[in-house]
Amino acid sequence: MTAYLRNPLTYVWAFLTVITVASWWISGGGHAEYRINTAVTLSVLLIAAVKVQFVVSYFMEVRHAPVWLKRTTVAWLLVLFALLVGFYLAGI
C-alpha cells in the first residue's frame, strides 16, 4: 500500500480525478438546463488543457522525453487550446 503512496502517478491520478469533478461541477453538475455561459465554457476548456498536459507528461512519459518532444507537445496543446477558444468566441 505504501508503494502506491510513493508513486507520483497516484497523486497525478488523484489530481486528475479532482479536477474532472470540478469541471463537472462548474459546468452545472448534470442539470437538465442548457445555458451557454462563456466563463463556464472557458473554465472547462482550461481545465481540459491542464488535464491533457498532465496525461501527456505523466502517463505518456513525455516528461522523460527529449526536450524537442516536450516543447512540441506543449506547443501543440497551446495551439489547440487557442484554436478551441478562438472558434468558440468567434461563434458567439
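Contact means heavy atoms within 4.5 Å. The structure is a predicted model, in which local features need pLDDT of at least 70, side-chain atom pairs count only at pLDDT 80 or more, and totals for chains, interfaces and linings use all residues. Residues are numbered from 1 along each chain as its sequence is written, and side-chain values use heavy atoms, with hydrogens and water left out.

**Exercise 1.** Determine how the chain is built and how spread out it is.

*Solution.* Step 1: the chain holds four helices and zero strands; helices (H or I, at least four residues) and strands (E, at least two) are DSSP runs, numbered from the N terminus.

Step 1: the radius of gyration, taken over C-alpha atoms, is 16 Å.

Step 2: among contacts with a separation of 6 or more, 64% join residues 24 or more positions apart.

**Exercise 2.** Describe the packing of H2 and H3.

*Solution.* Step 1: H2 (residues 8–26) and H3 (residues 38–59) pack at an angle of about 165 degrees, with axes 10 Å apart. Axes are lines fitted to C-alpha atoms, for helices over the stretch in contact, and angles run from 0 to 180 degrees between N-to-C directions.

Step 1: the two helices are therefore roughly antiparallel, a term for angles over 145 degrees.

Step 2: residues of H2, including Leu9, Trp13 and Phe15, meet residues of H3, including Val40, Ile47 and Phe54.

Terms used. Parallel < 35°, antiparallel > 145°, perpendicular 65-115°, else oblique. Rg over C-alpha atoms; globule rule 2.2 N^0.38 Å.
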